[in-house]
Amino acid sequence: MELTKNFTLAEYTRTSHLNELSKAGRVHQQNPTDKELKCIMQHAKMLQQVRDAFGKPIIISSGFRIDELNNLLPDSVPGSEHTFGCATDNKTVGEFTVTEMIRFAKIAVNVGFKRIGLGKTYIHLGIGGEVYPGKWPSPAVWGYANTNSLLYMKKAEFLKMIHDLSTKH
């Protein structure tokens, strides 16, 4: 099912974490409910805007996750935005440079994403409580463990990003 000109439902339900389910002897089946699909569709429209402004392909490394898969991942939290279809972890062709990662995050803020997590090789984009009000703290910007991208961002630039995020929403 095509969600936008560059993103499909298959991309949103595919995950790079299939090995976790296979190791646990479970079959991979990710079928979102109607409410989760509503969140996925809203997220896809916003992600398309980011992709258009960024000017490079975006690869969804992890989108919607069933609870069973989410619970097997060591760094995931129960009730993650991923389990509701409200978030993706995104990569680009090759790897993000630090400059690209910061530019990508700024574009995401301008498009309206409310929750941005900077990983070593990916960026988490979440729409927060648009479909599920009050479910996750937002706005929020964070870095994951073993992430150096925030170290390269000037403190003033980071604070401006947080300010922009909080004043837009």
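Arg115 and Glu81 are joined by a salt bridge in which the closest N and O atoms lie 2.9 Å apart, a salt bridge being a side-chain nitrogen of Lys or Arg within 4 Å of a carboxyl oxygen of Asp or Glu. This pair connects distant parts of the chain, since Arg115 is in strand S3 and Glu81 is in the loop between H4 and S2, 34 residues apart; helices (H or I, at least four residues) and strands (E, at least two) are DSSP runs, numbered from the N terminus. Arg115 is buried, with a relative accessible area of 12%, and Glu81, at 3% relative accessibility, is likewise counted as buried, where buried denotes under 20% relative accessible area, exposed over 50%, and partly exposed the range in between (1.4 Å probe, protein chains only). The structure is a predicted model, in which local features need pLDDT of at least 70 and side-chain atom pairs count only at pLDDT 80 or more, whereas totals for chains, interfaces and linings use all residues. Residues are numbered from 1 along each chain as its sequence is written, and side-chain values use heavy atoms, with hydrogens and water left out.

In total, the structure holds 4 salt bridges. Side chains of opposite charge can pair when their charged atoms come close. One of these contacts is formed by the side chains of Glu100 and Lys56, with an N to O distance of 2.6 Å. Glu100 belongs to helix H5 (residues 98-111) and Lys56 to the loop between H3 and strand S1 (58-62), so the contact ties together parts that are 44 residues apart in sequence. Within this pair, Glu100 is buried at a relative accessible area of 16%, whereas Lys56 is partly exposed at 26%. A further salt bridge is found between Asp89 and Arg65, whose closest N and O atoms are 3.4 Å apart. Asp89 is located in strand S2 and Arg65 in the loop between S1 and H4, so parts that are 24 residues apart in sequence are tied together by this pair; both Asp89 and Arg65 are buried.

A covalent link is also present, with the count coming to 1 disulfide, defined as a pair of cysteine sulfur atoms within 2.5 Å. The disulfide is formed by Cys39 and Cys86, with their sulfur atoms 2.0 Å apart. Cys39 lies in helix H3 (residues 34-54), while Cys86 is placed in the loop between helix H4 (67-72) and strand S2 (87-92), so that the bond ties together parts 47 residues apart in sequence. The torsion about the S-S bond of Cys39 and Cys86 is about 115°, and the disulfide is therefore right-handed. Cys39 counts as buried at 0% relative accessibility, and Cys86 is buried with a relative accessible area of 0%.

Strand S4 (residues 123-126) takes part in two pairings, one with S2 and one with S3, two strands being taken to pair if DSSP finds at least two bridges between them. S2 and S4 pair in the antiparallel sense over 4 bridges, and the partner of Asn90 in S4 is Ile123. Strand S3 (residues 115-118) is joined to S4 by 4 bridges, and these strands also run antiparallel, with Ile123 in S4 as the bridge partner of Leu118. A hairpin connects S3 to S4 through 4 residues. In a regular strand the side chains alternate between the two faces of the sheet. In S4, Ile123 and Leu125 point one way and His124 and Gly126 the other, and all are buried.
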